[in-house]
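Subject: Structure handover

Hello,

I am passing on the structure we discussed. Please look through it first; my notes follow below.

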Amino acid sequence: MKSFITGAALLVMTAGFSVAQAEDESAFVSFKSLKPEIAMKLAVATMEACREGGYQISAVVVDRFGQTQSAIRDRYAGVHTVNTARGKAWTAVSFRGSTLEIQEEIKAGSLSAGLRDIPGAVALGGGLPIESAGAIVGGIGVSGAPSPKIDEECAQSGLEEISDLLDF
């Protein structure tokens with residue numbers, strides 16, 4: 001009798017393991033993220049677009065989780081611009097939108113004003129999410145042009161320059 005119970009228990013455990021294994025397979029997610037080479041091309045293309053306008057900037061590209069993939073600082077860009085650009089890229093990914101739009105949404109007195117106090121968030125124009133096939137695959141942040149609006153225009157120009165690499 002004891003061996004029957006042990007055998008039945010093993011059978012139940014094995015069946016349970018098979019069900020759990022099937023559930024584990026469905027517990028995984030897959031996602032797209034930029035290759036570092038593409039992130040670097042984007043940062044350089046963005047810097048060059050700003051140079052054409054006469055601006056010295058820093059451009060930072062982060063992955064979909066906000067981790068830095070590439071960063072470039074033009075020779076005369078301010079020292080603070082790398083960290084500012086990184087914060088803008090992180091903010092664009094985290095809040096899934098243009099930091100220029102976020103800047104407008106969080107003005108003092110608005111319901112979203114508290115977003116300004118989130119550590120690491122930089123809600124100034126110049127950050128854009130990077131999208132491909134309807135999914136956010138990263139973010140770009142720019143800092144150093146005379147205004148947040150121009151920072152964002154430079155980021156957009158960089159994205160347009162590599163758009164053929166993002167389509168799949």
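**Helix H2 and its surroundings**

Helix H2 meets helix H5 through Leu42, Ala45, Thr46, Ala49 and Cys50, which are in contact with Cys154, Ala155, Ser157, Gly158, Leu159 and Glu161 of H5. Bear in mind that this is a predicted model. The axes of the two helices, H2 and H5, come within 8 Å and cross at roughly 125°. The crossing of H2 past H5 is right-handed.

H2 itself runs over residues 36-52, 17 residues in total, and its first and last C-alpha are 24 Å apart, close to the 24 Å expected. After H2 comes glycine 54, with a positive phi near 90°.

The buried residues of H2 are Ile38, Ala39, Leu42, Ala43, Ala45, Thr46, Met47 and Cys50. Their cover includes strands S1 (58-63), S2 (68-73), S3 (127-132) and S4 (135-143), along with helices H5 (148-161) and H6 (163-166).

The largest nonpolar core holds 24 residues, and Val61, Ile130 and Ile140 have the most contacts inside it. At least two residues of this core come from each of H2, S1, S3, S4 and H5. H2 gives the most, 7 residues. Another core, of 5 residues, lies apart from this one and has Val62, Ala85, Ala89 and Val93 among its members.

As for valine 61, its contacts beyond four places in sequence include Ala39, Leu42 and Ala43, as well as Ile130 and Ile140.

Regards

Definitions and conventions. Residues numbered from 1 in each chain as written. Predicted model: local features only at pLDDT ≥ 70, side-chain atom pairs only at ≥ 80, totals over all residues. Heavy atoms only, no water. Helix = DSSP H or I, 4+ residues; strand = E, 2+ residues; numbered from the N terminus. Expected span 1.5 Å × (residues − 1). Buried < 20%, exposed > 50% of the residue type's maximum accessible area, 1.4 Å probe, protein only. Contact = heavy atoms within 4.5 Å. Core = buried A, V, L, I, M, F, W, Y, C linked by side-chain atoms within 4.5 Å. Axes fitted to C-alpha atoms, helices over the stretch in contact; angles between N-to-C directions. Left-handed = near helix turned anticlockwise from the far one by under 90°.
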